[in-house]
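Trainee: I would like to learn how to read surface features from a model. Please take me through them one at a time.

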Amino acid sequence: MGTLIILAILVLAVMGFSNPVWWIAAAALLYLHVRYGHTGPSTSSGGPAGSPARADESYRAYRQRRDRQARWERRYRRERPWASRQRKGL
């Protein structure tokens, strides 16, 4: 997909010699590709170098999110006992 975007940018830049509006379009496409479309290396393919460390970090982040959510839920139940009782009945 990235190759197609780069090819489109090059085509727009070449077309810009006849009409400068195409250069603006190429610049906008390049900006959008760098800003939003250019993701880093995929974690699912998982090369041998550094994969266990990345997996540990993602699991640690998952545990932190899960623990934070559990703390919020306990706090909600403690501060609003009536609402949590009604929700269990649904």
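**Reading the surface**

Mentor: W22 counts as partly exposed, because its relative accessibility is 34%. The general idea is that buried means under 20% relative accessible area, exposed over 50%, and partly exposed in between, with a 1.4 Å probe and protein chains only. W22 sits in helix α2. Before going on, note that this is a predicted model, where local features need pLDDT of at least 70, side-chain atom pairs count only at pLDDT 80 or more, and totals for chains, interfaces and linings use all residues. Residues are numbered from 1 along each chain as its sequence is written, and side-chain values use heavy atoms, with hydrogens and water left out.

Trainee: What kind of surface patch do L4, L7, V11, M15 and W22 form?

Mentor: A patch is built from residues with over 30% relative accessible area and no salt bridge; like charges are joined within 9 Å, and nonpolar side chains (Val, Leu, Ile, Met, Phe, Trp, Tyr) within 5 Å. Here L4, L7, V11, M15 and W22 make a nonpolar patch, together about 460 Å² of accessible area. Areas come from the Shrake-Rupley method with a 1.4 Å probe, and for residues only the protein chains shown count as cover.

Trainee: Which helix gives the most to the nonpolar patch?

Mentor: Helix α1 (residues 2-15) does, with 4 residues. Helices are DSSP runs (H or I, at least four residues), numbered from the N terminus.

Trainee: Is I24 buried or exposed?

Mentor: I24 is exposed, because its relative accessible area is 61%. I24 belongs to helix α2 (residues 21-37). Between I24 and L12 the separation is 12 residues in sequence and 8.8 Å in space, C-alpha to C-alpha.

Trainee: Which residues form the positive surface patch?

Mentor: Lys and Arg count as positive and Asp and Glu as negative, while His and the chain ends are not counted. The place of an Arg charge is taken as CZ. In this model R65, R68, R71, R74, R77 and R78 form the positive patch. One of them, R74, lies in helix α3 (residues 51-79) and is partly exposed at 43% relative accessible area.

Trainee: How many aromatic pairs are there?

Mentor: Rings of Phe, Tyr and Trp (its six-membered ring) pair if their centres lie within 6.5 Å; planes under 30 degrees apart are stacked, over 60 edge-to-face, and the rest tilted. The count comes to 2 aromatic pairs. F17 and W23 are edge-to-face, because their ring centres are 5.5 Å apart and their planes at 80 degrees. Y59 and Y62 have ring centres 5.9 Å apart and planes at 40 degrees, so this pair is tilted. Both tyrosines, Y59 and Y62, lie in helix α3, 3 residues apart, about one turn of the helix.

Trainee: How many salt bridges does the structure hold?

Mentor: Side chains of opposite charge can pair when their charged atoms come close. The rule asks for a side-chain nitrogen of Lys or Arg within 4 Å of a carboxyl oxygen of Asp or Glu. The structure holds 3 salt bridges. D67 pairs with R66, their closest N and O atoms being 3.9 Å apart. R75 and E79 meet at 3.0 Å, N to O, and both lie in helix α3, 4 residues apart. E79 also bridges to R80, with closest N and O atoms 3.6 Å apart. Shared partners join R75, E79 and R80 into one network.

Methods
Helix = DSSP H or I, 4+ residues; strand = E, 2+ residues; numbered from the N terminus.
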